[in-house]
Amino acid sequence: MKNVMISLAVMGAFGLSMPAMATGLVVIPAAGFSGTAYTLCNTTGNFGSSTPTQPTTGANNTCATFPANEATSPVSGYTLIASTTRNAVIGGVTVGNVSDRVWRNTAQTSCIFGARFTALNVDWDAGTTGTQYFEVNDIARGGFGSASVNAGYYIQATNASPVYRIGRTFTSVQHRAYKYDTAANKLLLGTNYLDLPTANSVNTAYTGEVTGIGPTVIASTTAATQDAVVNSNWIDFTIDVAYVDDDGGSNIVSAMTYVEAPCDSTAVSGWVKTGAIRLRQTGQENTTMQEISVDGYAPPGSTVP
């Protein structure tokens, strides 16, 4: 990993993009951001509690990219070198799948790691009354060491969830609307909830209120749960995907998420790491805190977790 990370010093010369405009991948520094590990992307829809406005080339496009299709790199000069579909399984039940992709530049010094989750129409918890659809509120991807990477997303389908924020952290932070009973309440932030969590002490996989809430219950938490320390080895994408969502949402697939980072010319078949991709259900409505660990591609020589 050390040799790969050295290439950051000359990444401009080798084609690792440093986008300056809102549209395109954004820089995710190893040290995070001012007072937080996260940066905002699509700020419509209250993190999926309400209906978001999809990005266009003219609006709502921070972190968004617009390649010709999902197989095409979001940055010019890259070629697709790996594409694998991996099952997302919890309690022996396959609740969806992850499309795991890698593009590499011509100089073989920089790669883009892509992941997209698709939910299935399945009950993952037969022991609970009703149908329990697994909801993915965050996709976390590991293996990036101390590199200053770029990240973003692409809306490849009309029912895809945009990315609401991206963090340089291992920790996925719960986000709740004030209530999810009316259109107006869905647009309001729950009491003490933060769009940009602090970065003081929490380093667990997820944080928030552990009990789900019904649509008429006022969402409330404490400052202590709205926190995620910087962890440079991980990138977290906050989304809102479920086959059927308690808030009435219909995003059954996530955006294709991207992390652009240094790599090398070695065979990509050797880059698969156990647990490099984590799918988190963070209890946005009446659900529980859960994590699904999925194998995934990571930069050569990286360490996960």
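Buried here means under 20% relative accessible area, exposed over 50%, and partly exposed in between (1.4 Å probe, protein chains only).

I'm working from a predicted model, where local features need pLDDT of at least 70, side-chain atom pairs count only at pLDDT 80 or more, and totals for chains, interfaces and linings use all residues. Residues are numbered from 1 along each chain as its sequence is written, and side-chain values use heavy atoms, with hydrogens and water left out.

**Ring pairs.** I searched the whole structure and got 7 aromatic pairs. Rings of Phe, Tyr and Trp (its six-membered ring) pair if their centres lie within 6.5 Å; planes under 30 degrees apart are stacked, over 60 edge-to-face, the rest tilted.

I looked at Y133 and Y243, a stacked pair at 6.1 Å centre to centre with 25 degrees between the planes. They sit 110 residues apart, Y133 in the β5–β6 loop and Y243 in the β12–β13 loop (strands are DSSP E runs of at least two, numbered from the N terminus). Y133 is partly exposed because its relative accessibility is 21%; Y243, at 33%, is also partly exposed.

Next I checked F170 and W234: centres 4.9 Å apart and planes at 65 degrees, so edge-to-face. F170 is in the loop between β9 and β10, W234 in strand β12, 64 residues apart. F170 counts as buried at 15%, and W234 is buried at 1%.

I also noted a cluster of F113, F144 and W271, linked by ring pairs.

**Charges over rings.** My cut-off was NZ of Lys or CZ of Arg within 6 Å of the ring centre and within 35 degrees of the ring normal. F170 turned up again, with the charged end of R280 over its ring, 4.7 Å from the centre. R86 has its charged end over the ring of Y297, 4.9 Å from the centre.

Methods:
Helices (H or I, at least four residues) and strands (E, at least two) are DSSP runs, numbered from the N terminus.
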